[in-house]
Amino acid sequence: MQAKVKARGTQPLVVTANRLRDGRVVWLGGGGIWSERVGDAAIFDGAGVAAGLSAAAQAEAEQIVVAPYEVEVTLKPGGPEPLRMRERVRVVGPSVLAPSVLAAGMLAEAAE
Amino acid sequence: MQLLEQGRPAADRWLRVADAAPIPDDVAALIGLERLAEVPAGRTAPLGVVVGPATLPEELAPLLNRVALIAVAFPKFRDGRGFTLGRALRERFRYGGELRAVGHVLPDQHLFLLRCGFSAVEVADGADLAPWTAALGRFHTAYQAMVTDKATLRQCMRRFG
Amino acid sequence: MDGLDRTAPQVTAGIYKYDAYDRQFLRDRVAEFRGQVDRRLAGALSEDEFKPLRLMNGLYLQLHAYMLRCAVPYGVLSSDQMRQFAVVARRFDRGYGHFTTRQNIQFNWIKLEEAADAIATLADADLHAIQTSGNCIRNVTTDEYAGAAFDESVDPRVYAEILRQWSTLHPEFSFLPRKFKIAITGAARDRAAIQLHDIGLAARRDASGAVSFEVWVGGGMGRTPILAYRIRERLPEAETIAYLEAILRVYNALGGRENIHKARIKILVRDVGQARFTELVEQEYARLPRERYRLEPEVVAAIQAHFAPPPFAVLPQADAALAAACDGDAEFAAWVGRNTHPHKVAGYISAVISLKPIGGIPGDCSAAQMDAIADLADRYAFGEVRVSHVQNLVLAHVRKDELYALWQALRPLGLATGNVGLLSDIIACPGLDYCALANARAIPVAQLIAERFADLHRQHDIGSVYINISGCINACAHHHVGHIGILGVDRKGEEYYQITLGGSATNDARIGDIVGPSFAYDQVTDAVETILRSYLAIRQAGELFIDTYRRTGLAPFKEALYATA
C-alpha cells in the first residue's frame, strides 16, 4: 500500500471500498466510520493517506470492506468529487435507469 | 503438516528430506525430483519424489517403478495443472502408488483431487480439518467417471442409459 | 408444478427436465456455496480464496454491489423458469435483470449475505449460476432457433446438454489457466459464432443419418482477437467427449499460468502453432482409454428424448390469416419482416421479442415483463423461451395464424419493437454504469445512437447492420465482430471510444478493422452517423452495410470520419 501512495501530487484524496456483506460503495470517514455518502469521506493529502489506507486494511482484515484504495478528488461545495469517471459513477450510481425499469424497481423496493 | 489419506487423518510415515540434507537409506524418504540421480541403485527403503506443477507425466513414466510416493506441488490453488498430471499418472501410466497433493490447496478442491486419483493431501498444521472432510460428503452425484472407477462414462454419467 | 391455476399448456416444447439426481446435485451445490459465504463472512476464507469460489457460482463484485450471473443453459428456458427469474429480480434485486451475449441473465444489486438465498431460489426452478464465471468451462451456447430453424440438420441442444453435464464440476477442468467457452451450431448458417470460441462445434448429418462434428479451436475476442482454426473436419459423434477431453488436457497442462492476458487457449495455439497444437491434441486423444469416454448412441438418444418436438398441428405452409393481417396492418407487417425466422414445420414460425426498445437498455427486462413473456410463451409457444446471443428473446414455435395476436399482446408491454437486425438492435455490455472492469459506459452510447436513428423507416432504408458496444477490451459485447464495433477506452480518466468496421461473427467470421483515433463520448453518435451516411452515399444496389464495406474497405469511411480533423 505504501508504494502506491508515493508520486501523488497535491490532489486531495479519499479512501473507498465496497462493503463486504452487501457490496455497496463506501467511503472512509472520520473515526474509521464507513459511510455510503462521499460527503462523509475524510480528506487526506498525499502524505496523510497512508493512515487512511492502514485503517482500511484493518477494516478489510475484520471482514468489513473489500479491496480498499485511494481516489483523487477535487473539493466542491457539495462535497468531494472524484477526478476519474469510474469513481464518479461509483458516487452517483448507474446513469441509465430506464423509467419503466426504475418504476418496477421502486415498486419492488416498496414491497420489501 | 497434517495428512489426510482418502479423506481420513493419517500419520505421515515419510521423511521429507531438505534440499541440502543427506538422503537417509533406511527410512521412507521424500526428495525433490531433481535429486533422484543421487539415490543409489540398490536402495531398498521406500522412495518418494516431489514434482513441480509444470512436470509432464511422460517425464515421470521411467521412474514409476522406483517410487512409492509422488507428491505434486500446487504453488497456488488456482494452478490446476496438478489435476491433469494426477489423472494422467493413474489413467495413462497405471501408477498405483501414493499420490499426494502438497502446497496451497483448498478444502473445496478435496473432492476434485480424489476424483482425479490423488490418494492424500497435506494440510497445514493447526488448520481445521472439518471443512476438508465436509467437502467429501458434500455431493451425492457426479457427472463424470472417477479416474479410479472401473465404470465407463456411460455408467457414471447418470441419467444416461 | 400443479398446473391448475396457470395458463401452463398441457403439452410443452421439449426441454431438458431435471430428475432427482440433478435436483440433489443443485441442493448440494447451494449448501456448499452457503458454507463458503459463511466462511468468508466469518473470516475463515480470505477474499483471494473466496473470489474464485464465488465466481464459479456466478457472483461478481461490481461497482455498486454484487452481480449474480445466472445460467440459461444454451439459452433455453421454460416459462416457469422465466417466472422464477422475475421472483429473484423482485426479492433480491431491484425488479429487473439483464440478458447477456452469452445467453445468460445478470442481476445487478445482489447482497453477499443474501446470495445463497438467491441461488436457492433459482434451484427451486432447476436454475443455477454454476460456472457462469471463473476459470472453468462456461455455459455452452448455441443457436437461438435450435430445434426450429429451417436450415438446421442437427439439433445442437442435445449435444449442448451432454456437454453441460460433462463439464459440470469437472474434477480436472475446474482450475484451468483461464475461462473456457464452447459453442455449438447444427444449422447451415452459424448463429453461435463458433469461430470465436475456445472450442466451436458444427454438427453435420450425413446421408445415413449419422452425426459428426467439425471441431474448431482457439478462437476468442478480448485483448487479442483471433479466429479459431479447424482442427478436425469430421469427428464422429461417439468421440465427442474423448476429443474434447484431449483438447482440455493439453490446454490445462500447457496453457499460460503467469500472465492473465496470455492464458486463453488461443494464445497457446498461436504460440505453439496450429500444426503442433493439432499434433499434441491428436497424441493425447490417441492414447486416451477411448472406451471410457465413448458417447454411446443410447446416451444421445436418452438426451434427445428430452428435446422431442412439441405436438405441432398439421398446417399449410402459407397462412391466409397471417397474410391478411399483414395486408391490414403495415406496422405488423414490418415487424414480421424483421422479427421472425422461418420454421422447419409448415404453418409455424419463430418470433423474436426485441429487448431493444428505442432509448432502452439493450437486454434489460423488468420482472413484470418476464412474467408477461412467460404467460405469452404458455399461450403461444409451448411454454418455452430462448435467449439469443444478441440479447433478445425468442419464442421458437409460434403458429403463423396466432402471430398477429402475439404481436398485439407484446405491444402494450413495450416488447414489440420491430428492429431485429436493424441499427437500433444494438448489442451492449453493462459497461461503466455497472461493471468493475469497464473503462467507459456502453449503455448510454447505445441509447444515444438508437435515439438519433429512432425513425424505423430510416433504419429500414439503412438495412441490416450490427452495432456492438463494449465498455472494455474484454469484449463482452463482441465489438470485434460487429459490423460497427465500438470499444470504450480510458484516456486519463475520461471515456473515449475506438471504432472498428467490418467484423462478422457468422460463417464468414472476421475481426473488424480499427478506423483510427478514438472519439470522445459526445462525438460517437456523430461518428456512427458519418459512417452510415458514407455507406448510403456509396452503396450499390442491393448492398448491405457489410457488403459495401467489404467492397470498398476502410478508406472512404476513414476519410469521412477524419477529413475535417
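**View 1. Surroundings of A:Arg90, with its neighbours from chain A and chain C.** Leaving out residues up to four places away in sequence, A:Arg90 touches A:Thr16, A:Ala17, A:Asn18, A:Val25, A:Trp27 and A:Tyr69, together with C:Leu63 and C:His64, where contact means heavy atoms within 4.5 Å. This is a predicted model, in which local features need pLDDT of at least 70 and side-chain atom pairs count only at pLDDT 80 or more, whereas totals for chains, interfaces and linings use all residues; side-chain values use heavy atoms, with hydrogens and water left out. Residues are numbered from 1 along each chain as its sequence is written, while chains are lettered from A and ligands numbered from 1 in the order in which they are written. A:Arg90 is found in helix 3 (residues 85–92) of chain A, helices (H or I, at least four residues) and strands (E, at least two) being DSSP runs numbered from the N terminus. A:Arg90 counts as buried because its relative accessible area is 4%, the class being set at under 20%, with exposed at over 50% and partly exposed in between (1.4 Å probe, protein chains only). Its side chain makes a polar contact of 3.0 Å with the side chain of A:Thr16, a term that stands for a pair of N or O atoms within 3.5 Å, of which, within protein, one must be able to donate a hydrogen and the other to accept it, residues adjacent in sequence counting only if both atoms are side-chain atoms. The two residues, A:Arg90 and A:Thr16, are 74 residues apart in sequence, and their C-alpha atoms are 9.8 Å apart in space.

**View 2. Chain A and its elements of secondary structure.** Chain A has 4 helices and 5 strands, which follow one another from the N terminus as α-β-β-β-α-β-β-α-α. Of its 112 residues, 46% count as buried. Among the contacts in chain A with a separation of 6 or more, 54% come from residues 24 or more positions apart.

**View 3. C:Asp433 beside chain A.** C:Asp433 lies in the loop of chain C that runs between strand 16 (427–428) and helix 15 (443–452). Its neighbours, apart from those within four places in sequence, include A:Val89, A:Pro94, A:Ser95 and A:Val96 from chain A, and C:Leu63, C:His64 and C:Arg441 from chain C. The side chains of C:Asp433 and A:Ser95 are joined by a polar contact of 2.7 Å. C:Asp433 is buried yet has no salt bridge, the nearest side chain of opposite charge, that of C:Arg441, being 4.9 Å away; Lys and Arg count as positive and Asp and Glu as negative, with His and the chain ends not counted, and a salt bridge needs a side-chain nitrogen of Lys or Arg within 4 Å of a carboxyl oxygen of Asp or Glu.

**View 4. The interface of chain C with chain A.** Here 37 residues of chain C are in contact with 29 residues of chain A. The two chains bury about 2800 Å² between them, 57% of it on carbon and sulfur atoms, buried area being the accessible area (1.4 Å probe) that two parts lose on being put together, summed over both. C:Leu63, C:His64 and C:Arg94 supply 20% of the area that chain C buries against chain A, more than any other three residues. Between these chains there are 3 salt bridges, one of which pairs A:Arg88 with C:Glu494 at 3.3 Å, N to O.

**View 5. The interface of chain C with chain B.** Of the 2 pairs of chains in contact, chains B and C share the most contacts, whereas no contact joins chain A and chain B, whose closest C-alpha atoms lie 19 Å apart. The contact takes 49 residues from chain C and 41 residues from chain B, and the area buried is about 4100 Å², of which carbon and sulfur atoms give 59%. On the side of chain C, C:Pro171, C:Phe175 and C:Arg292 lose the most area to chain B, together 20% of what that side buries. There are 8 salt bridges across this interface, including that of C:Arg39 with B:Asp108, whose closest N and O atoms are 3.1 Å apart. The elements of chain C that give two or more residues to this side include helix 1, helix 2 (47–55) and helix 5 (156–167), and the largest share, 10 residues, comes from helix 1.
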